[in-house]
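Subject: Structure handover and notes

Dear colleague,

I am passing on the structure below, and would be grateful if you could read it alongside the notes that follow.

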Amino acid sequence: MMTSATTDLIRVLADPLRLQIVTLLAHETLCTTHLVQETGARQTNLSNHLKVLREAGVVETEPCGRFTYYRLRPEVMEALAGSFGELAAVARTTVETGRKRAC
């Protein structure tokens, strides 16, 4: 069963730009300037998406002088992957046992 936290996380990651940000941050820690260059998004739009990701616990910040660096929290992604893994295991059991509700 998916928890409300998992459902909220899926909703956060459903946005294409946020998913692109997460993908970029999986490869390296980046500042807003780098993310603007990589995504082509406007800085204000990007900052709003980073705020959503930060509030959801997906990314964390690291101040560095006048810049703020963002990094992905891998344990959050692992927990999400685990939820989908559990769902796949249940589905596999359902298929293997032929479980079907009668009409």
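I begin with Leu25, which lies in helix α2; helices here are DSSP runs of H or I with at least four residues, strands are runs of E with at least two, and both are numbered from the N terminus. At 5% relative accessibility, Leu25 counts as buried, where buried means under 20% relative accessible area, exposed means over 50%, and partly exposed lies in between, with a 1.4 Å probe and protein chains only. Leaving aside residues up to four places away in sequence, Leu25 touches Leu30, Leu35, Val59, Tyr70 and Leu72, a contact being heavy atoms within 4.5 Å. Leu25 and Arg73 are 48 residues apart in sequence, yet their C-alpha atoms are 9.2 Å apart in space.

Before going further, please keep in mind that this is a predicted model, in which local features need a pLDDT of at least 70 and side-chain atom pairs count only at pLDDT 80 or more, whereas totals for chains, interfaces and linings use all residues. Residues are numbered from 1 along each chain as its sequence is written, and side-chain values use heavy atoms, with hydrogens and water left out.

On confidence, the protein chain averages a pLDDT of 94, and 99% of the residues score at least 70; pLDDT is the predictor's confidence in each residue, from 0 to 100. The lowest confidence in the protein chain is in helix α1 (residues 4-13), with a mean of 92, and the highest is in helix α2 (residues 16-27), at 98.

Turning to the sheet, three strands form an open sheet in the order β1-β3-β2, with antiparallel pairing. Its edge strands are β1 (30-31) and β2, each of which pairs on one side only; two strands are taken to pair if DSSP finds at least two bridges between them. Strand β2 (residues 59-64) is joined to strand β3 (residues 67-72) by six bridges, and these strands run antiparallel. Within that pairing, Thr61 has Tyr70 of β3 as its bridge partner. The hairpin of β2 and β3 has two residues between the strands, and in it Gly65 takes a positive phi near 65 degrees. On the other pairing, β1 and β3 run antiparallel and are joined by two bridges, with Tyr69 in β3 as the bridge partner of Cys31.

Two further buried residues may interest you. Thr32 is placed in helix α3 (residues 32-39) and counts as buried at 14% relative accessibility. Residues up to four places away in sequence not being counted, Thr32 touches Gln43, Leu46, Ser47, Leu50, Thr68 and Tyr70. His49, for its part, is in helix α4 (residues 43-55) and counts as buried at 11% relative accessibility. With the same exclusion of residues up to four places away in sequence, His49 touches Asp15, Leu17, Arg18 and Ile21.

As for charged pairs, a salt bridge is counted when a side-chain nitrogen of Lys or Arg is within 4 Å of a carboxyl oxygen of Asp or Glu, and by this rule the count comes to six salt bridges. Arg11 forms one with Asp8, their closest N and O atoms being 3.2 Å apart. Arg11 and Asp8 are separated by about one helical turn, because they are three residues apart in helix α1. Arg11 counts as exposed at 55% relative accessibility, whereas Asp8, at 42%, counts as partly exposed.

A salt bridge also joins the side chains of Glu60 and Arg73 (3.8 Å, N to O). Glu60 lies in strand β2 and Arg73 in the loop between β3 and α5, so the pair ties together parts that are 13 residues apart in sequence. Both are partly exposed, Glu60 with a relative accessible area of 32% and Arg73 with one of 25%. Arg73 forms a salt bridge with Glu75 as well, the closest N and O atoms being 2.9 Å apart, and Glu75 is partly exposed at 40%. Through salt bridges that share partners, Glu60, Glu62, Arg71, Arg73 and Glu75 are joined into one network.

With kind regards
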